[in-house]
Amino acid sequence: MDFYTQLFLYLSILYISLYLLFLVFRTKPSAPNLPPGKKGWPIIGESLAFVGAAKSGCPEKFINDRTAKYSPEVFRTSLLGEDMAVFCGASGNKFLFSGQNKYITTWWPTSMKKVAIFPETMEKFNKDDPKKMRSFLPEFLKPEALQCYIPIMDSMTKDHLESDWSPYKEVKVFPLTKNYTFALACRLFMNIKDPKIVSKFADPFARIAPGLTSVPINIPGTPFNKAVEGGKVIRQELLNIIRQRKQEISEGKDANARDLLSRLLTEADDDGSVYYEMDVSNKIIGLLIASHDTTSTTITVIVNYLASLPHIYEKVYEEQMEIAKSKAPGELLNWDDIQKMKYSWNVACESMRLTPPAQGSFREAITDFTFAGFTIPKGWKTFWTVYTTHKNPKYFPDPEKFDPSRFEGNGPAPFTYVPFGGGPRMCPGKEYARLEILIFMHNLVTKFKLEKVDRDEKIIYNPSPVPSNGLLIRLQPLNQ
């Protein structure tokens with residue numbers, strides 16, 4: 001064996017030995033420190049437990065059980081087929097509200113997209129669409145624009161109470177408020193006044209909400225299937241209205257329209273394709289879902305508390321009668337009147353604290369990031385929920401007590417009261433909802449005294465709070 005052969009052999013042995021030593025002693029990368037929790041069953045995860053808690057009337061149980069067992073700051077679960085980190089407390093809310101497009105971005109569950117969005121636009125529906133819509137909405141919902149809607153809201157509320165409440169001694173509040181808020185949304189967002197056209201939307205729309213966050217099993221009879229079928233009807237009706245409105249705009253018949261649909265069609269970039277019309281439809285449906293369902297449940301919840309708590313009703317009545325007495329016969333409410341309804345709004349806020357109209361919102365992690373010492377991997381979904389703060393005695397002493405004074409002065413600590421989200425992600429429709437709620441309260445308490453027929457009626461969540469029997473109320477007309 002010559003020298004070079006021996007050298008090659010020795011070097012080969014040395015290389016192999018060093019490589020083996022490297023494999024044995026190399027430092028293995030540490031696994032990410034994921035939030036504590038469990039994923040539950042394959043595919044469905046803990047979705048059944050999440051929905052079950054809501055159906056039982058105690059949605060906070062799912063959250064409270066896991067914060068007590070795992071972490072009061074963030075825990076891991078699996079909902080809607082996705083790995084998910086649930087952020088808790090004021091610090092968790094603040095982190096998510098301020099982390100948009102830095103750590104997280106908007107995310108819609110598959111079930112929501114399949115219900116609300118045209119399948120043809122699914123690939124084009126990107127994460128910038130909600131951002132574009134949010135940049136457009138403030139113009140439509142700014143105070144100067146909202147002031148123009150107050151007389152319409154007031155007039156429609158009076159008509160609704162006169163036609164659908166006054167003829168009866170008892171009414172079921174929830175279905176009536178759903179009809180009222182939907183008709184109002186159709187009027188203000190799309191300038192639709194014909195009750196027959198509103199009904200074409202309202203009937204299939206009622207099937208959507210229960211299926212939005214359901215397990216996406218498209219079998220006839222399931223909530224998801226009903227929502228999908230309802231979505232198809234609404235999308236087609238909307239397309240017909242969009243095409244008719246475009247024709248009216250081109251003929252100059254809609255020059256002074258202030259509704260959102262006309263604004264979208266005149267101020268956005270119309271490429272003339274059916275995809276553009278579908279995109280406008282997607283935006284309108286999203287807005288109807290966000291505005292109609294939450295406000296109808298909020299108004300129902302407020303009526304529930306007014307009928308259950310006579311001392312609260314009396315204080316609201318006194319405030320609203322002061323405003324009513326200042327008005328001339330037939331004079332409608334105005335912006336200054338709304339600003340005087342301070343106690344009434346505190347009552348509305350306390351109602352939303354105890355019975356929030358929405359549970360929270362989802363996001364998606366766009367990069368690995370750390371919160372409270374735990375790593376949230378890119379691609380994971382995140383969820384913030386009102387139930388980590390709204391009934392937490394750390395933020396609201398004696399949390400089950402109905403106490404509107406919590407909202408006097410500076411009100412609750414930042415990021416603890418979050419029915420409309422918070423920070424840069426505050427719901428742009430908050431002021432619209434405030435107007436709709438206060439105008440309804442004014443007309444209701446100045447027209448009727450209220451008595452709850454079934455004082456033990458249960459509230460279930462589907463996903464918004466729904467009285468199990470529609471909230472049957474006995475009406476006592478007041479002398480005007």
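Analyst: Helix α4 (residues 89-98) is mostly covered, with seven of its ten residues buried; buried means under 20% relative accessible area, exposed over 50% and partly exposed in between, computed with a 1.4 Å probe on protein chains only. Helices are DSSP runs of H or I with at least four residues, strands are runs of E with at least two, and both are numbered from the N terminus. The model is a predicted one, in which local features need pLDDT of at least 70 and side-chain atom pairs count only at pLDDT 80 or more, while totals for chains, interfaces and linings use all residues. Residues are numbered from 1 along each chain as its sequence is written, and side-chain values use heavy atoms, with hydrogens and water left out.

The buried residues of α4 are G89, A90, G92, N93, F95, L96 and F97. Their cover includes the strands β2 (82-87), β3 (104-106), β6 (369-371) and β8 (381-385), where contact means heavy atoms within 4.5 Å.

Five of the five residues of β8 are buried, so the strand is largely enclosed by the rest of the structure. In a regular strand the side chains alternate between the two faces of the sheet. On one side of β8 lie K381, F383 and T385, on the other T382 and W384, and all are buried, so that both faces are covered.

Strand β8 also has pairing partners; two strands pair if DSSP finds at least two bridges between them. Strand β2 runs parallel to β8 and is joined to it by four bridges, with V86 having F383 as its bridge partner. Strand β5 (residues 360-365) runs antiparallel to β8, and five bridges join the two; here E364 stands opposite K381.

The loop between β8 and α16 (430-445) contains H390. This residue counts as buried because its relative accessibility is 1%. Beyond its neighbours within four places in sequence, H390 is in contact with M352, R353, P356, F396, T416, Y417, V418 and P419.
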